[in-house]
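Subject: Structure for you to look at

Hello,

I am passing a structure on to you, with some notes on what turned up in it. Please have it open while you read.

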Amino acid sequence: MLPLMEEFYTIQGEGYHTGTAAYFIRIGGCDVGCHWCDVKESWHANLHPPTQVDTIVLNTKKYSNIAVITGGEPLMWDMDHLTKSLQNKNIKTFIETSGAYKLSGIWDWICLSPKKMKLPLQEVSDAANELKVIIFNKTDFKFAEEQALKVHENCQLFLQAEWSNRDKMTPLIVDYVMKNPKWKISIQTHKYLNIP
Ligand code: SF4
């Protein structure tokens, strides 16, 4: 059983898989405490109904062969059963995580979005396919470079403006990426498209 906050079929709006249709599984529970978090409703796991993994897998299979497990912070829970069950049904398993908790589960893609308040464990940085750093203010560029030193050389590097501050930070990100082209820009396209 996992505390399921919501599940929905949509288009991945940000990061490496932008534009890809996928089934999103949002697991409740997060104690990282980002002040700009746009899913604060997810923080308290006990507000979200414990749901059988098999039910989640059956629901996913109706819509997609790609599952994006997000939160909240999904690694607060043991992801082994869910990811194995999804893969047994030929569903690819992608995760969005802050990396603050021990890595569990079998993943086809790990998107690490590290947070200053609770730094990622090295084992998650080691396994990350994608590093997506949220830029809320100028000091976040330095944080992004520190985190980039912790991932492997093939990890895809993205900078993404924090949504409420995007008008201010996007021009700085554009400038930064042009000067440091190992980074790419991630844009929250789903918010412009008005989809979940
Ligand atoms: S890690 Fe994610 S879910 Fe948790 S507080 Fe930060 S933005 Fe919100």
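Where in the chain does asparagine 90 lie? This is a predicted model, and in it asparagine 90 belongs to the loop between H2 and strand S5 (92-97). The phi angle of asparagine 90 is near 60°, a positive value in a residue that is not glycine. Asparagine 90 counts as exposed because its relative accessible area is 62%, and the cut-off for exposed is over 50%.

Asparagine 194 also has phi near 60°, again a positive value in a residue other than glycine. Its place is the segment after helix H6 (189-193). With 71% relative accessibility, asparagine 194 is classed as exposed.

Next, the ligand. The ligand sits in the largest pocket. Around the ligand are Cys30, Val32, Gly33, Cys34, Trp36, Cys37, Trp43 and Gly72. By type, this shell consists of six nonpolar residues and two polar ones, with no charged residue.

Glycine 72 is in the loop between strand S4 (66-70) and helix H2 (80-88).

Helix H5 is worth a look too. H5 covers residues 166-179, 14 residues in total. From its first C-alpha to its last, H5 reaches 19 Å, close to the 20 Å expected at 1.5 Å a residue.

Which residues of H5 are buried? They are Met169, Ile173, Tyr176 and Val177. In general, an α-helix has 3.6 residues a turn, so residues three or four places apart point the same way. Asp167, Met178 and Lys179 are exposed on the other side of H5.

The last item is aspartate 54, which lies in helix H1 (residues 53-63). Is aspartate 54 buried, partly exposed or exposed? Aspartate 54 counts as partly exposed because its relative accessibility is 47%, and that class runs between the 20% and 50% cut-offs. Aspartate 54 and serine 85 are 31 residues apart in sequence. In space, the C-alpha atoms of aspartate 54 and serine 85 are 7.5 Å apart.

Regards

Definitions and conventions:
Residues are numbered from 1 along each chain as its sequence is written. This is a predicted model: local features need pLDDT of at least 70, side-chain atom pairs count only at pLDDT 80 or more; totals for chains, interfaces and linings use all residues. Side-chain values use heavy atoms; hydrogens and water are left out. A residue is near a molecule or strand if one of its heavy atoms lies within 4 Å of it. On a 1 Å grid over the protein atoms alone, a cavity is a set of points where a 1.4 Å probe fits but cannot get out, and a pocket is an open set with protein on both sides within 12 Å along at least five of seven lines; lining residues have an atom within 4 Å of a point. A molecule sits in a cavity or pocket if more than half of its atoms lie within 2 Å of its grid points. Ala, Val, Leu, Ile, Met, Phe, Trp, Tyr, Cys and Pro count as nonpolar, Asp, Glu, Lys and Arg as charged, and the others, Gly among them, as polar. Helices (H or I, at least four residues) and strands (E, at least two) are DSSP runs, numbered from the N terminus. The expected span of a helix is 1.5 Å times one less than its number of residues. Buried means under 20% relative accessible area, exposed over 50%, partly exposed in between (1.4 Å probe, protein chains only).
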